[in-house]
Amino acid sequence: MRKLISFVLVLVSIIAVAMFVAPVGGQLLITSSFGEFRGTGNRGPHFHMGADFSTQMRSGVPILAAADGWLVRVEIDEDDIYGNVVVLQHENGFRTLYAHLSSFSEKIKSIIDSVVTEFGRRRIVVEFPERNIWFKAQEVIGYSGQTGEAAQPHCHFEIRNIDETVCYNPSDMLNVPKPSDAKFTVRGLMIDNERLNYVENGVYRFRGSWPKIALDAATSVGRNVIGLRSLKLYFNNDLVYHIDFGEIRLDEFNNVWAVYTENSVSDGYRYTAYHKLYPDKSSSVVRLNKFPELGQIPSRTNVIIVCEDVWRTEYELKFVLERR
């Protein structure tokens with residue numbers, strides 16, 4: 001029976017991962033993950049609501065439909081945060097969004113050219129009738145570029161629900177290979193706003209009933225920094241706080257300060273993101289918060305932080321807290 005349950009769980013996992021195919025041909029390489037901090041753009045600091053995939057910093061690379069679906073919307077705007085956009089709807093109840101496009105598929109190019117000729121190069125949103133223009137899985141929907149907020153040409157890919165109120169983590173629904181050089185790194189630790197070097201089993205001082213712990217950790221892949229999938233904080237083996245980037249509501253697009261500290265930086269070339277492992281502002285990304293029940297933690301407390309990368313590999317950080 002145990003073997004049967006394990007097989008069913010593995011099968012369900014495979015089905016979930018295989019829900020969409022890669023939006024870029026060749027070897028799929030993720031360069032930015034879902035939920036990362038973004039500090040620039042005309043919409044202000046925000047969550048990264050999709051995943052970025054490499055096009056080898058080249059414009060004009062074909063961007064592919066991630067599943068069979070029909071065209072919902074095209075956005076033409078070189079200055080908005082997303083730039084030029086295509087949105088498809090799929091029979092599985094999800095929508096996919098492809099951003100920063102340099103140009104559009106030949107299938108719809110004449111329509112886009114006609115609209116631009118009539119209205120010019122200002123922001124234009126074109127909505128299409130349901131089930132009118134279809135794309136097959138891996139059919140070209142457009143070409144890579146860096147319209148909008150994009151330091152380099154790449155493929156920005158999002159998965160949304162049908163009414164576009166929630167975005168989901170693409171790494172949960174795509175088969176994203178883990179590069180051989182992927183390396184988990186602890187980039188910084190803060191306790192009560194004091195920056196510290198993380199040392200395994202080190203002892204750190206704090207004041208008050210409980211400390212404000214913030215962690216900057218990520219996966220390094222070449223020059224790219226890939227944000228985490230989740231973080232769990234344990235005090236004396238009791239799970240007290242859990243941040244999970246499985247999904248983010250669109251109305252929380254700018255709610256980054258609930259999860260990241262205000263000294264976080266992301267400008268296309270630098271990425272420093274301290275995750276708040278303590279309650280501040282409310283957020284649906286925080287799946288568990290037991291701080292209201294804690295009261296005062298013991299003067300000496302063992303801490304474990306479990307970090308999970310986008311490939312679901314877990315890494316444990318361990319240290320000790322002592323009240324000053």
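Tyr-315 is partly exposed in this predicted model, at 23% relative accessibility.

**Aromatic pairs and cluster**

- The structure holds 15 aromatic pairs.
- Phe-47 and Tyr-260 form a tilted pair, since their ring centres are 6.3 Å apart and their planes stand at 55°.
- Phe-47 belongs to strand 3 (residues 46-47), while Tyr-260 sits in the loop between strand 22 (247-249) and strand 23 (265-266), so the pair ties together parts that are 213 residues apart in sequence.
- Phe-47 is buried, with a relative accessible area of 0%, and Tyr-260 is buried as well, with a relative accessible area of 1%.
- One aromatic cluster is formed by Phe-37, Phe-47, Phe-245, Trp-257 and Tyr-260.

**Charges over rings**

- Arg-43 lies over the face of Phe-253, at 5.9 Å from the ring centre.
- Lys-107 lies over the face of Phe-135, at 4.7 Å from the ring centre.

**Confidence**

- The protein has an average pLDDT of 92, and 94% of the residues score at least 70.
- Residues 1-17 have a pLDDT below 50, and this stretch makes six contacts in the model beyond near neighbours in sequence.
- Where pLDDT is low, the predicted coordinates should not be read in detail.

Terms used:
Residues are numbered from 1 along each chain as its sequence is written. This is a predicted model: local features need pLDDT of at least 70, side-chain atom pairs count only at pLDDT 80 or more; totals for chains, interfaces and linings use all residues. Side-chain values use heavy atoms; hydrogens and water are left out. pLDDT is the predictor's confidence in each residue, from 0 to 100. Contact means heavy atoms within 4.5 Å. Rings of Phe, Tyr and Trp (its six-membered ring) pair if their centres lie within 6.5 Å; planes under 30 degrees apart count as stacked, over 60 as edge-to-face and the rest as tilted. Helices (H or I, at least four residues) and strands (E, at least two) are DSSP runs, numbered from the N terminus. Buried means under 20% relative accessible area, exposed over 50%, partly exposed in between (1.4 Å probe, protein chains only). A charge sits over a ring if NZ of Lys or CZ of Arg is within 6 Å of the ring centre and within 35 degrees of the ring normal.
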